[in-house]
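Subject: Structure to look at

Hello,

Here is the structure I promised you. Please open it and keep it on screen while you read.

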Amino acid sequence: MTDLELKAYLEKARSIAVLGAHKDPSRPAHYVPRYLWEKGYRILPVNPRFAGEELFGMRVVASLKEIAEPVDILEVFRPPEALLAHLPEVLALRPGLVWLQTGIRHPGFEEALKEAGIPVVADRCLMVEHRRLFGVH
């Protein structure tokens with residue numbers, strides 16, 4: 001995906017589901033979605049450990065199956081070896097884009113999404129890319 005395509009996508013996106021969202025402010029799975037929330041995106045946090053609690057103004061759900069609204073971006077904070085277990089839920093959710101955070105790659109998972117027509121960005125930080133593309137610091 002080119003910078004131009006990525007920027008256009010981020011401009012029109014409104015909702016970002018965060019698989020593996022975390023309560024600890026020192027963890028990327030907290031401060032990256034918090035940054036995006038502060039930029040006006042609707043954050044839908046997903047983590048069974050914190051289900052029922054509130055993060056970014058929304059109730060945390062235990063799984064992607066509990067999200068009952070369209071998702072523009074699915075941001076993933078899960079280890080690569082856990083991704084295939086989430087594949088059926090991701091395919092059912094049909095997000096507009098799946099974003100695997102820095103350090104997360106899984107060729108089989110990525111290929112399955114591409115075959116289903118879901119674009120993937122892998123091993124890149126959404127906050128870093130947003131700042132770079134929009135000149136925000």
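Below are my notes on one strand and its partners, and then on a pair of helices.

First, a caution: this is a predicted model.

Start with strand β5, residues 73-76. Which way do its residues point? I73 and E75 point one way. L74 and V76 point the other way. All four are buried, including the glutamate, E75.

Next, the partners of β5. Strand β1 covers residues 15-19 and pairs with β5 in the parallel sense. There are 4 bridges between β1 and β5. In one of these pairings, I16 has I73 of β5 as its bridge partner. Strand β6, residues 97-100, also runs parallel to β5, and 4 bridges join them. Here V76 stands opposite L100 of β6. To get from β5 to β6, the chain passes through helix α3, residues 83-93. This β-α-β crossover is right-handed.

Now the helices. Find α1 at residues 3-12 and α5 at residues 126-134. How do they meet? Their axes come within 10 Å and cross at roughly 100 degrees. Angles of 65 to 115 degrees count as roughly perpendicular, so α1 and α5 are roughly perpendicular to each other.

Which residues make the contact? From α1, they are D3, L6, K7, L10 and E11. From α5, they are L126, H130, R132, L133 and F134. By class, this contact has 5 nonpolar, 1 polar and 4 charged residues.

Best wishes

Definitions and conventions:
Residues numbered from 1 in each chain as written. Predicted model: local features only at pLDDT ≥ 70, side-chain atom pairs only at ≥ 80, totals over all residues. Heavy atoms only, no water. Buried < 20%, exposed > 50% of the residue type's maximum accessible area, 1.4 Å probe, protein only. Helix = DSSP H or I, 4+ residues; strand = E, 2+ residues; numbered from the N terminus. Pairing = 2+ DSSP bridges. Right-handed = clockwise from strand over helix to strand, strands pointing away. Axes fitted to C-alpha atoms, helices over the stretch in contact; angles between N-to-C directions. Parallel < 35°, antiparallel > 145°, perpendicular 65-115°, else oblique. Contact = heavy atoms within 4.5 Å. Nonpolar A, V, L, I, M, F, W, Y, C, P; charged D, E, K, R; others polar.
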